[in-house]
Every structure is written in structure tokens, then in C-alpha cells.
Amino acid sequence: MKGHQIQSKIISMEVEVLNAVQQRTLDQFTEGPSIKESRLFFLLLPFFDGKNWSAEIESSAKTVSIVYAALHAHDKIKEDVPIIKEQQLTVLAGDLYSGIYYQMLVNSKNIAMVQQLASAIIQVSEKKTSFFEEAIRPLDEIEEAIIIIETELLLSYYRFYGFSEYTLLAEQTLLYLRYAEELEYLQSKHYTNFLRELNSNLAHEIYTEHWLLEKLDSLHGQILVSIADCSLDYELAQFLLHQITPHQHRAEQLTREG
């Protein structure tokens, strides 16, 4: 599959998901649902890679994308500013997305999948909540929480449909993207709950920046190894390296070195 075909399929699913959760007032006053291209790429990766695909699997992929949007909508609530209309509507947006994915899950009558996703939603919610606790945790516990938040919904979908061969690549890439995003927040002095806890643990934000940069370098190398292990074809591997992951100059350098 060519790069433009991969991009077209991702855009098509994004439009379908946006149409499913569209609500005029929420669209006007909120940032809208968080439907990241990287998540759609990994939800569709088995299709791109030529695995058996069906309307049921594609419907489940859309549902997982809406679950991600619902869970991440509440992350946009800023606790240190007065409650304003946008904040209230953002809460309502998260509730709306939750209602839509419940409805989609019920309509699918796929009880086993519902159970898998319900378990994943609980785990993600628990790990998100852990960032509001005041205790300082070891770095490996913080990292474990981030991994579950970013990947558990996707991995439950992989496990259910037998796509676990992509687990490691998806974990590494989604974690890489989260750390790249957190690094940008840190450098712009926009402190997330994750950065606040990391800063407390590492004593100073300069060490947090070094920690994130080292993680990004390490994960980039791991991603290249996992791409080879998954035997992704050239077009798919290039799309992942140059469209999904940021810092393309770094990806190109590592590709040449590899």
C-alpha cells in the first residue's frame, strides 16, 4: 500500500469518527475530540499490513478511537483556572463521547470486546487518577502509568483480534510521541501533571529534559528494531517513520545508520 493510500484511509476514518461525535455547540466552544493520527494509524495497522480485516474490526477500531477521545477530553480541564463555559462544555464533550462509545458497544453486541474495553478503560482511568496523588513515585511507576494511559485501549483491541505482534512497536511509538509532546510542553513552560511529578522526582526540570531526551533517543532505536521484527513493507515503515513520528531528521539519520 502506497503512502497516499495509507494517509487517505486514516483521513477517511478520522472523518467518520468526527461525524459520529459531532455536536454543533461543543464544536463551537471546545477544541473538539482528540483523534490523533498516530492512534488511527495503529488501529488500522493490521489492515495496512494485509491482515484479515472485516467491517466488525473496523467498527471496533472506530469505537476505540472514540473511547480515547472521551478519556482525553477530561485532560483538557485546567484545574488552576476559574470554571468558564469552555471548561464546562469540555466536561460535557467527554460525557457525550462516552455515551456514544457505550451506544456503539451495545449496538455491536460483541460482549467479549465490551469486557476487554471496559477493563482497559478502568486501568487507564486509574492511572490518570494516580497523577493527582501527592506521593512521589519511583520513575518506573510513573513510566508504567504513562504506558498504560497511552496504549492499554489499543492493546486490548490487539489482544481481542489477535494482532499482538504489533504490541511492542505500538507501545514504543505511542510512548515516544507522548514523551516528545511532554518535552515540547516542558520547553514552553507548560507543566502537565506528568511533568510536575517528574520534576519533583528529578529535583530540577533540566534533569527532566535530559531524562526525556534520553528516552526519546532510546525509543527511536527500539522502534527501528521493532519495524524490522514486524517485517513491515517499505512504504508502511517509511510512513511510520516520517509521518507518524516527529523529529524526521533523527529518523532519517537512524535509517541511514541502520
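Is R178 buried or exposed? With a relative accessible area of 15%, R178 is buried, where buried stands for under 20% relative accessible area, exposed for over 50% and partly exposed for the range in between (1.4 Å probe, protein chains only). The model is a predicted one, in which local features need pLDDT of at least 70 and side-chain atom pairs count only at pLDDT 80 or more, while totals for chains, interfaces and linings use all residues. Residues are numbered from 1 along each chain as its sequence is written, and side-chain values use heavy atoms, with hydrogens and water left out.

Side chains of opposite charge can pair when their charged atoms come close. Here R178 and E182 form a salt bridge, with 2.8 Å between the closest N and O atoms; the term covers a side-chain nitrogen of Lys or Arg within 4 Å of a carboxyl oxygen of Asp or Glu. The two residues lie four residues apart in helix α8, so about one helical turn separates R178 from E182. Helices (H or I, at least four residues) and strands (E, at least two) are DSSP runs, numbered from the N terminus. E182 is buried too, at 1% relative accessibility.

Of the 21 residues of α8, 15 are buried, which leaves the helix mostly covered. Its end C-alpha atoms are 30 Å apart, in agreement with the 30 Å that 21 residues should span at 1.5 Å a residue; the expected span is 1.5 Å times one less than the number of residues. Just after α8, K189 takes a positive phi of about 60 degrees.

Across the whole structure, the search finds 12 salt bridges. One of them joins E197 and R137, whose closest N and O atoms are 2.8 Å apart. This pair links distant parts of the chain, since E197 sits in helix α9 (residues 193–202) and R137 in the loop between α6 (111–130) and α7, 60 residues apart. Both E197 and R137 are buried.

A further salt bridge brings together the side chains of K51 and E165 (3.4 Å, N to O). K51 lies in the loop between α3 (37–48) and α4 (55–73), and E165 in the loop between α7 (139–161) and α8 (167–187), so that distant parts of the chain, 114 residues apart, are linked. K51 is partly exposed at 28% relative accessibility, and E165 is likewise partly exposed at 43%. D49 joins K51 and E165 in a network of salt bridges.
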